[in-house]
Amino acid sequence: MTKTRMLCAAALLALSAVGASAQILIGQTTGVTGSVAASVNETIGGAQLLIDSVNAQGGIHGEKIEILRMDDGFDVKRASENARVLIEDKKVLALFMSRGTPHSQAIIPWLDKYDVALIGPSTGAMVLHKPLQKHVFNVRATYQREAEKAVQHLLTIGLTRIAVVHVTDSFGTDALEGAMTGFAKGKAKPVVTIPADRDKPDYKVIVPAIKDANAQAVVWIGSGVAVVDGIKALRAGGSAAQVVTLSNNASSGFIKQLGDASKGVIVTQVFPNERSLGQPMVKEAQTLAQAKGQTELSPAMLEGFASAKVLVEALRRAGPKPTRAKMVAALEGLKGYDLGGGLEVSYSPQDHSGIDFADLSIISDGRFKR
């Protein structure tokens with residue numbers, strides 16, 4: 001048995017007691033541990049708010065939903081192998097909320113081989129939108145849209161000397177394209193564009209490059225701890241440049257990791273502000289959270305909650321005893337489904353995009369604010 005398969009077996013052993021009693025099995029491979037664990041666990045918490053509520057009311061068509069969750073540690077190879085185990089061995093009905101662009105790409109061959117839907121991948125990569133991926137059903141807006149809007153915002157407020165730091169993987173390449181669109185529309189160019197390794201960025205190179213360019217702002221395209229450490233290194237290096245990062249880092253855990261370095265950082269968001277209780281979806285999530293004794297939501301929790309709403313609605317429409325094929329058909333027939341407050345999700349055989357919503361939020365004193 002290979003090391004990878006041993007890891008998968010160990011992860012599933014812990015889930016066996018849960019899976020044995022499940023009636024509707026949904027699989028998830030995601031980085032429960034590793035560099036993105038803080039935001040991943042918040043998305044999981046948000047999704048469980050709805051799933052637990054639905055199960056408490058008897059489930060869907062009399063069957064309860066169980067999530068078989070495997071930790072891939074934000075490793076691409078483990079994500080692919082976990083997907084294989086969940087689909088081939090555990091016979092899950094669908095996959096749900098994978099995390100990461102290359103990680104989600106690695107899952108696609110298994111989806112296509114077995115006609116399994118992936119609902120709400122926690123990535124805004126354009127590669128999952130165009131060309132159409134038959135079995136990927138996006139919920140959140142694209143990274144390109146976020147990055148474009150971030151650059152336009154900075155230019156609008158008079159910050160013209162903008163540096164871009166981007167990870168050297170498919171996520172970084174994708175978001176960089178959106179940022180460059182923002183520059184083009186603003187008739188501007190970045191003062192410096194700096195590639196960074198996803199797992200081990202060289203801050204001794206990155207920080208001096210930003211300072212030497214006399215950057216007023218930095219669009220930092222990366223994930224979790226790597227961005228946290230980068231911002232801290234930037235501040236330690238004496239730079240007061242405004243920092244903007246994307247919604248993959250929009251979590252309370254990300255803010256806590258930043259500590260004092262969080263002040264003034266901007267994070268793009270792809271769902272309404274988590275404190276906008278006049279927004280029906282936010283209010284619904286807040287009510288369920290309070291019933292569990294949780295006092296606050298986070299942007300990451302809202303992403304999980306929204307994706308769970310799409311999953312639950314697809315299960316309802318797939319009917320009693322759903323099959324993999326019925327799930328795909330139910331999703332492709334989902335038109336104008338309102339998550340709450342006019343946030344509509346529509347799919348068709350030609351379009352699996354989600355909500356085209358992007359906003360900006362500033363972190364100050366450890367909290368998200370408008």
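Predicted model: local features only at pLDDT ≥ 70, side-chain atom pairs only at ≥ 80, totals over all residues.
**View 1**
The side chain of Glu148 makes a polar contact with the side chain of Lys185, at 2.7 Å. Leaving aside residues up to four places away in sequence, Glu148 touches Gly178, Ala179, Thr181, Gly182 and Lys185.

**View 2. Packing of helix α2 against helix α10.**
Helix α2 covers residues 37–56 and helix α10 covers residues 280–291. Their axes lie 10 Å apart, at an angle of about 75°. That makes α2 roughly perpendicular to α10. From α2, the contact uses Leu49, Leu50 and Ser53. From α10, it uses Glu284, Ala285, Leu288 and Ala289. By class, the contact residues are 5 nonpolar, 1 polar and 1 charged.

**View 3. The aromatic pair Phe137 and Tyr347.**
The structure holds 2 aromatic pairs. In the pair of Phe137 and Tyr347, the ring centres are 5.3 Å apart and the planes stand at 75°, so the geometry is edge-to-face. Phe137 belongs to strand β5 (residues 136–137), while Tyr347 lies in the loop between β12 (344–345) and β13 (359–364). The pair therefore ties together parts that are 210 residues apart in sequence. Phe137 is buried, with a relative accessible area of 0%. Tyr347 is buried too, with a value of 2%.

Key
Residues numbered from 1 in each chain as written. Heavy atoms only, no water. Polar contact = N/O pair within 3.5 Å; in protein donor to acceptor, adjacent residues only side chain to side chain. Contact = heavy atoms within 4.5 Å. Axes fitted to C-alpha atoms, helices over the stretch in contact; angles between N-to-C directions. Helix = DSSP H or I, 4+ residues; strand = E, 2+ residues; numbered from the N terminus. Parallel < 35°, antiparallel > 145°, perpendicular 65-115°, else oblique. Nonpolar A, V, L, I, M, F, W, Y, C, P; charged D, E, K, R; others polar. Phe/Tyr/Trp six-rings, centres within 6.5 Å; stacked < 30°, edge-to-face > 60°. Buried < 20%, exposed > 50% of the residue type's maximum accessible area, 1.4 Å probe, protein only.
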